[in-house]
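I opened this notebook to keep track of what I looked up, entry by entry.

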Amino acid sequence: MRDTLLIALFAFLGAAAAGVLGACVLLLIRRRSLIAHLTVVAGVGVTAMLAGTLAVAQAMFLSGHDLSVVTTVVAMAAVVSLATALLLGRWVAARSHALALAARSFGDGGAFTSPDGPATAELAALSRELEATSARLAESRERERALESSRRELVAWISHDLRTPLAGLRAMAEALEDGVAADPDRYLKQIRMEVERLDGMVGDLFELSRIHAGTLKLSFARLSLYDLVGDALAGADALAREHGVRLVGDRVEALPVHVDGREMSRVLGNLLVNAIRRTPADGTVAIAAERSPDGVVLSVTDGCGGIPDEDLPRVFDTGWRGTHARTPPAGAGLGLAIVRGIVEAHEGRATVRNVPGGCRFEVVLPAAAS
């Protein structure tokens with residue numbers, strides 16, 4: 001038993017010395033290729049066995065013949081181990097190189113395609129992650145292109161919508177200054193109306209910029225949808241009368257919601273104004289609020305005749321107006337974008353779908369805790 005323990009001790013000391021030396025070598029070549037690392041690992045294994053054998057032979061006074069035999073066996077094992085390590089290293093390095101070449105397509109705006117052929121479990125997992133990342137980047141590029149297109153349209157429309165009233169304001173101001181205005185009071189009233197419209201456009205731009213910058217601050221409170229809808233209907237009544245549109249709100253439940261009252265009133269106001277302007281005279285705009293499995297659904301249904309299917313995905317985009325007209329009633333295309341931004345800030349979602357005779361905008365909000 002004592003001899004066995006001594007053999008184990010000497011073998012361990014010899015192998016440990018080889019292991020320490022191998023660890024130092026690995027530390028020095030840590031930035032080198034995988035082939036070099038595998039070669040060192042294989043060499044450490046063989047060297048450890050040889051060192052342990054030599055230590056035992058020295059301690060146990062083995063004959064020269066026996067030591068020569070053991071050394072020859074270890075040398076053959078070293079040759080096979082190093083050859084295997086080199087082959088494995090070259091194969092893994094080749095797979096890694098192919099993976100690196102395939103990953104370069106990210107920078108060129110292309111899609112990632114995994115290299116053909118077998119791969120280790122780790123490289124296969126890396127390929128799957130790169131494919132998933134490639135898909136997410138492609139979606140991000142599409143969103144970026146859509147946003148850039150919306151920004152260009154918004155700049156063009158805002159420039160036109162600002163230039164038109166400013167030109168009118170300048171003309172009316174010059175007429176009043178020169179004293180050639182036939183009805184100064186009418187001019188002053190028109191100037192006030194144009195200024196109010198410009199102020200509304202600037203307010204919408206500021207609100208949208210806060211939403212996009214993530215600086216929209218919400219003051220949550222527990223409110224009743226019945227009260228919010230009632231206030232919104234009262235605020236939109238004058239515009240509805242002016243357009244000859246009937247407002248209906250008889251399907252509104254008194255459901256509690258945890259929202260920012262001011263911002264949610266803006267959402268309802270934008271939806272109602274948009275519906276009223278798109279609904280022909282003698283038409284109806286209906287607003288409803290009811291509970292659903294997803295939370296609370298607030299809907300506004302108009303009589304616009306429907307939205308083309310190809311335009312439905314763009315309804316809430318910044319600058320979208322559903323028409324190529326540049327006339328002031330079309331608005332700057334910010335109202336629905338603000339609606340979506342505010343609703344998403346409340347962890348809800350805004351959608352639109354066509355219904356017979358018009359379309360229905362739906363806002364889904366989380367239900368307030370009981």
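**Charged pairs**

I looked up glutamate 263 and found that this residue counts as buried, with a relative accessibility of 3% (buried means under 20% relative accessible area, exposed over 50% and partly exposed in between, with a 1.4 Å probe and protein chains only). I note that this is a predicted model, in which local features need pLDDT of at least 70 and side-chain atom pairs count only at pLDDT 80 or more, while totals for chains, interfaces and linings use all residues. Residues are numbered from 1 along each chain as its sequence is written, and side-chain values use heavy atoms, with hydrogens and water left out.

The side chain of glutamate 263 forms a salt bridge with that of arginine 262, at 3.1 Å from N to O (a salt bridge is a side-chain nitrogen of Lys or Arg within 4 Å of a carboxyl oxygen of Asp or Glu). Arginine 262 itself is exposed, at a relative accessible area of 60%. I then saw that salt bridges with shared partners join Glu207, Arg210, Arg262, Glu263 and Arg266 into one network.

Within that group I checked arginine 266 and glutamate 207, which form a salt bridge whose closest N and O atoms are 3.9 Å apart. This pair links distant parts of the chain, with arginine 266 in helix H7 (residues 261–278) and glutamate 207 in helix H5, 59 residues apart (helices, H or I with at least four residues, and strands, E with at least two, are DSSP runs numbered from the N terminus). Arginine 266 is partly exposed at 22% relative accessibility, whereas glutamate 207 is buried at 2%.

I also looked at glutamate 196 and arginine 192, whose side chains meet in a salt bridge at 2.9 Å, N to O. They sit four residues apart in helix H5 (residues 184–213), so about one helical turn separates them. A search of the whole structure gave me ten salt bridges.

**Helix H6**

Helix H6 (residues 225–243) has 19 residues and reaches 26 Å from its first C-alpha to its last, close to the 27 Å expected at 1.5 Å a residue (the expected span is 1.5 Å times one less than the number of residues). At aspartate 237 I found a bend of about 45° in H6, the bend being the angle between axes fitted to the seven residues ending there and the seven starting there. Just after H6, glycine 244 takes a positive phi of about 70°.

The buried residues of H6 include Leu225, Leu228 and Val229. Among the elements that the buried residues of H6 pack against are H7, strand E1 (221–224) and strand E2 (246–252).

The largest nonpolar core has 54 residues, of which Val267, Leu271, Leu272, Ile287, Phe316 and Phe361 touch the most other members (a nonpolar core is a set of buried Ala, Val, Leu, Ile, Met, Phe, Trp, Tyr and Cys residues joined through side-chain atoms within 4.5 Å). Its largest share, eight residues, comes from H6.

Which residues does methionine 264 touch, not counting those up to four places away in sequence? I found Leu228, Val259, His346 and Leu365, where contact means heavy atoms within 4.5 Å. Methionine 264 lies in helix H7 and is buried, with a relative accessible area of 0%. Between methionine 264 and histidine 346 there are 9.2 Å in space, C-alpha to C-alpha, although they are 82 residues apart in sequence.
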